[in-house]
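Take a look at the model below. The paragraphs after it walk through how two of its chains meet.

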Amino acid sequence: MANLPTNDPVLILVHPQALCESDTVGDGTRIWAFAHVMRGSIVGRQCNIGEGVYVEGGAILGDRVTVKNQCLIWDGVHLADDVFVGPGVVFTNDLRPRSPRMPEVAARYQSKANWLLETHVERGVSLGARAVVLPGIRIGEFAMVGAAALVTRDVLPHQLVLGQPARAAGWVCVCGARLLPGTDRDLVACPQCAVRFRLEEGRVVRE
Amino acid sequence: MANLPTNDPVLILVHPQALCESDTVGDGTRIWAFAHVMRGSIVGRQCNIGEGVYVEGGAILGDRVTVKNQCLIWDGVHLADDVFVGPGVVFTNDLRPRSPRMPEVAARYQSKANWLLETHVERGVSLGARAVVLPGIRIGEFAMVGAAALVTRDVLPHQLVLGQPARAAGWVCVCGARLLPGTDRDLVACPQCAVRFRLEEGRVVRE
Amino acid sequence: MANLPTNDPVLILVHPQALCESDTVGDGTRIWAFAHVMRGSIVGRQCNIGEGVYVEGGAILGDRVTVKNQCLIWDGVHLADDVFVGPGVVFTNDLRPRSPRMPEVAARYQSKANWLLETHVERGVSLGARAVVLPGIRIGEFAMVGAAALVTRDVLPHQLVLGQPARAAGWVCVCGARLLPGTDRDLVACPQCAVRFRLEEGRVVRE
């Protein structure tokens, strides 16, 4: 990518093979080849929208969001600042999908209120490669979802979840490192950056 | 997409960034950006072929089929009318794949009869996001496959299957709602649309 | 694709809708639509790079490698000769990803030494559809990874691994067939091609 101006803080870079139809894309955001940012979507500043990514109208992305290649971000998906969406992550917004033109269900698909559920991903969350997120989920800030996981329930802030369906598997720091139990059993400290947390009613809270 | 004529019942819409080389695409079908419908594939009427979808020669799609973004539909895959293929669903057609130009296996790949298995998806089935279907499978009408599931065995009509490998997890109505047990234990009624079914030899049959 | 010269042993075929910026692509390799082979990647001879595949700078592919549609091959991934990468397979190279422009982690992402782990896939390996490979993994020659599997640990030569996380599930021959136990319990013979192997310290070794 050395021949493209990738670090300009103001310019919006749209690769010649990308499609950007949104008029609300923030400064310094880059949109790579074969990506499609649809009219009606909102993308913040200094985001990186990878190749083949699809951002549907109604999706909202904060600032500094990284969306790796081939992610699918539908209407109703909200990604806060600094979220990392790993390669091939797929969101969803319909819990019981049928083909909308099938005569038996066509009426239901006349109004989004009948089928669309929102998804909220809070600040600094990471979603591993090929994770799938069911609709109607909230993922708390700085949580980490393992590669190939299927998220079927809300995830707590700083929680690490793994598997299909995704289960609690520990806690992670802001920096992404796993939190190890401290000497005091209610205290955990990040082994990488020494930030301290405490466990409070089954949640990790920053000291 | 408000600026494109998406509801015309006759026109075949091929996005300027899509590739359509099949000459058997039905009226009213729409093919979106970065999709590729290959020569020798058959696509019915009023289908919706999402962005980045690949339909290989030899694949057959019925009418009103919805194929969400990035699905891969190979030679030997048959999708009946009104099927919903969720985002990122991948079919397969080779149970023991090797790189076909590897000298030790090149002879096997000289004839499809040596390796290609067909897949049949019956009317009204839904496949959830990122589901994977092994080759040689039949999925019965109106069945529903959960997001991220791996289908390794045949699925009965109206059956809901979840997980990796996908296991039976209940039954669904034509409309997609889960069927709850009725007062008579052999009868189940859809809570959404009141259609009634009975259990007969381990299968759900419409009354 | 019958109208394109796909079997020429010398010509490099780059589909008009593909992007190839690498100057180290071997003779006879074909790169299909919407694929992107980046500057700084190395691709051997007679490879087949499927539609929508992304090969990042720093990735290295041997000869006769088959990469099916939509695979993502990052910096640090090494694929030996004759590897088969099934549709939608995703590699990874960062075990604890965060959005690199998040202020709390931006320093870490200044140097690849802080986060990039390599992956090695040896000769003749097959990776099933939508498999995901965690970073820092070695997959031994002629191993086979099941569809939708999540590879979290090294895989032995000729080993079959299935599931999420992927677990040992048997052994496969060079040709891809499952190896059945022989009459001598330490001997296994391929039912397809009669090549014989022995079990030696928990590994399959060719006789």
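Which residue of chain B forms a salt bridge with A:Glu104? The partner is B:Arg123. The closest N and O atoms of A:Glu104 and B:Arg123 are 3.1 Å apart. Keep in mind that this is a predicted model. The count between chain A and chain B is 1 salt bridge. Polar contacts are also found across this interface: 19 residue pairs, both residues at pLDDT 80 or more. Sorted by class, the side of chain A that touches chain B holds 17 nonpolar, 8 polar and 8 charged residues.

Now step back to the whole interface. On one side, 33 residues of chain A take part in contacts; on the other, 44 residues of chain B do. The size of an interface is often given as the accessible area lost when the parts come together. Here, the area buried between chain A and chain B is about 2800 Å². Carbon and sulfur atoms give 55% of that area. Within chain A, the residues that lose the most area to chain B are A:Arg96, A:Arg98 and A:Arg101. Together they account for 27% of what that side buries.

Next comes the arrangement of the two chains. Two copies of a chain are related by a rotation about an axis and a shift along it. The copies use different surfaces: 18% of the contact residues of chain A recur in chain B.

Technical notes
Residues numbered from 1 in each chain as written. Chains lettered and ligands numbered in written order. Predicted model: local features only at pLDDT ≥ 70, side-chain atom pairs only at ≥ 80, totals over all residues. Heavy atoms only, no water. Contact = heavy atoms within 4.5 Å. Buried area = accessible area lost by both parts, 1.4 Å probe. Salt bridge = Lys/Arg side-chain N within 4 Å of Asp/Glu carboxyl O. Polar contact = N/O pair within 3.5 Å; in protein donor to acceptor, adjacent residues only side chain to side chain. Nonpolar A, V, L, I, M, F, W, Y, C, P; charged D, E, K, R; others polar.
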